[in-house]
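Shall we look at what stands behind them here?

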Amino acid sequence: MSYSGYYQVFRCEPIIDRPHLQHGGKIILPPSSLDKMSKLKLQYPLMFELANSNFPDLKVHCGVLEFIAEEGKIEMPFWMMQNLTIQPGDLVMVRTVNLPLGTFVKLQPQSKSFSDSITNPRAVLEMKLRDYAALGLGETIVIEYMKKDHYLTVLEIKPNIPQMKAISIIETDLIVDFAPAADAPPEEVRKVESKTEEPASAGQKLLTKGSHRLEADEQETSTFKPFAGNSYSLKSKPQATKHNSTKKEDSDSDSEEEENAKPKFVAFGGQGFSLKKK
């Protein structure tokens with residue numbers, strides 16, 4: 001089957017002249033790549049899939065930063081080379097891909113130092129992920145904080161399309177969750193798992209956002225009951241309505257007695273008077 005996107009094989013080189021690019025998800029391609037891609041109908045922003053030429057199942061996903069690399073070569077962060085298990089000078093297959101916008105990602109720190117040394121890991125991660133364009137299932141990315149590298153493995157993504165197994169994180173609302181660190185003690189892992197699997201108590205409903213659970217009291221809603229109000233009689237004090245056949249019969253008999261007690265109208269049956277004196 002023919003492939004209509006961009007595809008090229010390059011020899012890889014690590015980015016060494018700009019160390020800050022080591023903590024991000026962007027590559028540098030040669031100028032000829034830009035010329036070729038400008039002639040194709042591609043989706044922007046550009047997303048790429050890099051694969052080990054000897055082991056194509058080893059892949060990472062990324063964006064592009066510049067087109068200033070030496071011809072025939074691709075420059076990439078060292079963490080990408082680690083994921084692909086390649087060395088400088090090895091061949092890398094590069095192709096463009098169309099990735100869905102991500103809605104959820106679950107990350108696992110490779111060391112407890114990530115949560116121990118960072119007081120607000122979510123805020124830090126939100127800032128650091130701006131240097132990344134895509135996240136792939138099983139990839140281990142790296143962020144730098146306080147002059148220390150922290151490695152995070154992607155355990156879960158949504159949506160998870162089998163053919164892609166990656167998401168774009170550019171201009172999207174992404175929910176981030178954390179799994180226990182890879183080197184966390186077993187008892188800590190069990191404690192987190194028990195909290196995650198704990199069912200909602202009676203009278204409460206469970207609202208989940210990723211793996212962050214918010215318990216809210218279930219509000220009682222009033223149910224409409226027909227003919228359940230209070231009735232009022234014109235003869236007596238208010239009384240509760242009871243659908244009882246005996247009371248209904250009594251009410252009917254009272255009405256009949258009232259009707260019988262009233263004087264009946266008889267046409268021309270009144271007393272006459274004469275205007276003549278006797």
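The questions below go through some labels for this predicted model.

Q: How many helices and strands are there in the protein?
A: The protein has six helices and 16 strands.

Q: Why is Ser113 called buried?
A: Buried means under 20% relative accessible area. Ser113 has 16% relative accessibility, so Ser113 counts as buried. You can find Ser113 in helix α3, which covers residues 113-117.

Q: What makes Tyr7 partly exposed?
A: Partly exposed lies between the 20% limit for buried and the 50% limit for exposed. Tyr7 has 42% relative accessibility, so Tyr7 falls in between. Look for Tyr7 in strand β1, residues 7-14.

Q: Why is the pair of side chains of Ser113 and Ser111 called a polar contact?
A: A polar contact needs a pair of N or O atoms within 3.5 Å. The side chains of Ser113 and Ser111 are 3.0 Å apart, so the distance meets that limit.

Q: Which residues does Ser113 touch, not counting those up to four places away in sequence?
A: They are Ile118, Lys148 and His150. To touch here means heavy atoms within 4.5 Å.

Q: How much of the protein is buried?
A: Buried residues make up 31% of its 278 residues.

Terms used
Residues are numbered from 1 along each chain as its sequence is written. This is a predicted model: local features need pLDDT of at least 70, side-chain atom pairs count only at pLDDT 80 or more; totals for chains, interfaces and linings use all residues. Side-chain values use heavy atoms; hydrogens and water are left out. Helices (H or I, at least four residues) and strands (E, at least two) are DSSP runs, numbered from the N terminus. Buried means under 20% relative accessible area, exposed over 50%, partly exposed in between (1.4 Å probe, protein chains only). A polar contact is a pair of N or O atoms within 3.5 Å; within protein, one must be able to donate a hydrogen and the other to accept it, and residues adjacent in sequence count only if both atoms are side-chain atoms.
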